[in-house]
Amino acid sequence: MDAFIRFTNQTQGRDRLFRATQYTCMLLRYLLEANADKEKVVMKLKKLESSVSTGRKWFRLGNVIHAVQSTEQSIHVTDPVPRLCLTLANLNRVVYYICDTILWVRSVGLASGINKEKWQMWANRHYYYFLLLSLARDLYEIALQMGRVSRNKAKRKTSSSQSPRGYSVVDEDTEWLQSFLLLLFQSLKQHPPLLLDTVKNCCDILIPLNQMGVYRSNPGVIGLGGLLSSVAGIITVAYPQMKLKTR
């Protein structure tokens, strides 16, 4: 109970819970829409989804400051590739939160003259760039991790002085793919924070792609992806050691 209280006392923790609720409603709504007798339940889920989405905007109002701080921190990252990816990603996140704040101002009626479609397009675009750059950083970290695992395996094979196995013709054709997938699996298994961050970004990128019309997905796919991403986010907030660190 104490851990749950500490989690919900954090703004990010509450936002992750609200986000998980929002996309759970979207997923359930999609699954129940085909049933005519579930029309009332679908309407309730839709209202709850809308209410939760509106509530989340309040939690994001101060995120511009956090994004600026993250940008300043990423400039000092030692490795040049993550430094470039994270700095550009966080700059795009700053712009995204600015656009999101402007859209919130319009939604509450403080400035009715704001062009909602234009600012929504900019928000989606910069959110997409943020996720794309974050995924580029993840891929770089995966490549480094795979290199380390591969070197460790090579050292163990050398020290054990075992003779290599023979392969059939079929094995030779598929050996590289099997080896790559096994190496990828072992690399992510040994680095859970990297796995969580990659899954989160892969799931999240479906949202701006769908909203920009680049790759259309049904609400079920978006809901499932958003839910998986939210669960990954909840884990990183509840257990800070599971957050991918910068070097």
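Modeller: Among contacts in the protein chain between residues at least 6 apart in sequence, 72% join residues at least 24 apart. The model is a predicted one. The chain has ten helices and zero strands, and 36% of its 247 residues count as buried. Along the principal axes, the C-alpha trace spans about 75 × 50 × 45 Å.

The helix to look at is α10, residues 219-238. One of its partners is α2, residues 11-32, whose axis is 8 Å from that of α10, at an angle of about 155 degrees. The two helices are therefore roughly antiparallel, since an angle over 145 degrees counts as such. Their crossing is left-handed.

On the α2 side of this contact are Gln 12, Gly 13, Arg 16, Leu 17, Arg 19, Ala 20, Tyr 23, Thr 24, Met 26, Leu 27 and Tyr 30. Facing these residues, α10 contributes Pro 219, Gly 220, Ile 222, Gly 223, Leu 224, Gly 226, Leu 227, Ser 229, Ser 230, Gly 233, Ile 234 and Val 237. By class, the contact of α2 with α10 comprises twelve nonpolar, nine polar and two charged residues.

Another partner of α10 is α8, residues 192-204; the two axes come within 8 Å and cross at roughly 150 degrees. The crossing of α8 and α10 is left-handed. From α8, the residues in contact are Leu 196, Lys 200, Cys 203 and Asp 204. They meet Gly 225, Leu 228, Ser 229, Ala 232, Ile 235 and Thr 236 of α10. Five nonpolar, three polar and two charged residues make up the contact of α8 with α10. Ser 229 of α10 takes part in the contact with α2 and in the contact with α8.

Ile 222 of α10, which belongs to the contact with α2, is also in contact with Asn 210. Asn 210 is found in helix α9, residues 206-211. Its relative accessible area is 17%, so Asn 210 counts as buried, the limit being under 20%. Leaving aside neighbours within four places in sequence, Asn 210 also touches Tyr 215, Arg 216 and Ser 217.

Gly 109 is found in the loop between α5 (80-107) and α6. With a relative accessible area of 54%, Gly 109 is exposed.

Helix α6 covers residues 116-160 and includes Tyr 127 and Phe 130; because these are three residues apart in the helix, about one helical turn separates them. A search of the whole structure finds five aromatic pairs. In one of them, Tyr 127 and Phe 130 are stacked, with 6.4 Å between ring centres and 20 degrees between the planes. Tyr 128 and Tyr 129 form a tilted pair, at 5.9 Å centre to centre and 50 degrees between the planes. Tyr 127 and Phe 130 are both buried, whereas Tyr 129, at 35% relative accessibility, counts as partly exposed. Tyr 127 and Phe 130 also belong to one aromatic cluster with Tyr 96 and Tyr 97.

Terms used:
Residues numbered from 1 in each chain as written. Predicted model: local features only at pLDDT ≥ 70, side-chain atom pairs only at ≥ 80, totals over all residues. Heavy atoms only, no water. Phe/Tyr/Trp six-rings, centres within 6.5 Å; stacked < 30°, edge-to-face > 60°. Helix = DSSP H or I, 4+ residues; strand = E, 2+ residues; numbered from the N terminus. Buried < 20%, exposed > 50% of the residue type's maximum accessible area, 1.4 Å probe, protein only. Axes fitted to C-alpha atoms, helices over the stretch in contact; angles between N-to-C directions. Left-handed = near helix turned anticlockwise from the far one by under 90°. Contact = heavy atoms within 4.5 Å. Nonpolar A, V, L, I, M, F, W, Y, C, P; charged D, E, K, R; others polar. Parallel < 35°, antiparallel > 145°, perpendicular 65-115°, else oblique.
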